[in-house]
Amino acid sequence: MGSILVKCAVADMAIQWALWAVASILQTEKFFDLAGSGTFIILTHLSYRWNGTNYLRQRIQAALVTAWGLRLGLFLFLRMLKEGKDRRFNHVRHNPKSFFVYWTFQGIWIFITLLPTLILNTQEKDTPLCARDLTGWVIWILGFVLEAVADHQKWKFKSNVKNTHKFIQKGLWAFCRHPNYLGEMLQWTGLFLSASTIMTGIEYISIVSPVFVWFLLTHVSGIPMLEKHAMKKWGQDPAYLEYVRHTPALWPFRF
């Protein structure tokens, strides 16, 4: 198992650094997110092919990661083409060294997030499917639908010229301010849960995957950046302040 994980890590960083070189030459971030989701798919399928196994649990897990990568990658790529640029890269796309840090961090994010699936795909033995598998996959489906619907609702809202300079508070966005991120967290939590059915000992350290996704989205690049931008844009709008006061940032239920 260890050698395959190392090969996956090497392949991961090789892809990111090769594409960083291309992106630096072109001074563009247009395929950054697409490259990330594509790498998830590539590593998922390479890992169990290198292991020489093809169990049902591995095939289902690979199909779910592939579905996630294709949907999100295509959505983010189309959004990038529509908007023309990503403000995350405003100060780095023309600086190869800073750009390199972003691509390298993407590689780290991919490996940590995908770790439960990679561990699953490098198992020599299989076990019968159980309730934990099904629970994990149900959680994944819930997260997938939640993220896909939230993304579609926001895309449709922003595509309407009447909503220019307005913030979305309809559909799923009426229940929490970041339903797409909630869906993202649920998907990786579900994939860890299903993969954990075959784990033993140190392999359970891969719970770092959903924890890392949660930390990244709630404390680093997700919610904090969007909340800061939104407050800068609508911080003087009483309607937005009311929305923030009465709508949870992430979990739609108050305990």
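Here are a few friendly notes on the predicted model shown above.

1. Start with the inside. The largest nonpolar core has 38 residues, and F40, L43, W68, W109, L114 and W188 have the most contacts inside it. Seen by element, two or more residues each come from α1, α2, α3, α4, α5, α6 and α7. Helix α6 gives the most, with eight residues.

2. Now look at W188. Which residues does W188 touch, leaving aside its neighbours within four places in sequence? The contacts are F40, W68, T113, L114, S209, P210 and V213. Another core, of nine residues, lies apart from the largest one, and F157, I168, A230 and Y240 are among its members.

3. Next come the rings. The model has 20 aromatic pairs. One of them, W17 with F100, is stacked, at 5.7 Å centre to centre and 20° between the planes. Because W17 lies in helix α1 and F100 in helix α4, this pair ties together parts that are 83 residues apart in sequence.

4. F89 and Y102 make a tilted pair, since their planes stand at 50°, with the centres 5.2 Å apart. F89 sits in the loop between α3 and α4, while Y102 belongs to helix α4, 13 residues apart. Is F89 buried or exposed? F89 is buried, at 0% relative accessible area, whereas Y102 is partly exposed at 32%. Ring pairs also link F89 and Y102 into a cluster with F31, F32, F99 and W103.

5. Finally, the surface. I207, V211, W214, F215 and V220 make a nonpolar patch of about 440 Å². F215 is in helix α7 and is partly exposed, with a relative accessible area of 41%.

Definitions and conventions. Residues numbered from 1 in each chain as written. Predicted model: local features only at pLDDT ≥ 70, side-chain atom pairs only at ≥ 80, totals over all residues. Heavy atoms only, no water. Patch = residues over 30% accessible without salt bridge, like charges linked within 9 Å, V, L, I, M, F, W, Y side chains within 5 Å. Areas by Shrake-Rupley, 256 points an atom, 1.4 Å probe, with all protein chains shown as cover. Salt bridge = Lys/Arg side-chain N within 4 Å of Asp/Glu carboxyl O. Helix = DSSP H or I, 4+ residues; strand = E, 2+ residues; numbered from the N terminus. Buried < 20%, exposed > 50% of the residue type's maximum accessible area, 1.4 Å probe, protein only. Core = buried A, V, L, I, M, F, W, Y, C linked by side-chain atoms within 4.5 Å. Contact = heavy atoms within 4.5 Å. Phe/Tyr/Trp six-rings, centres within 6.5 Å; stacked < 30°, edge-to-face > 60°.
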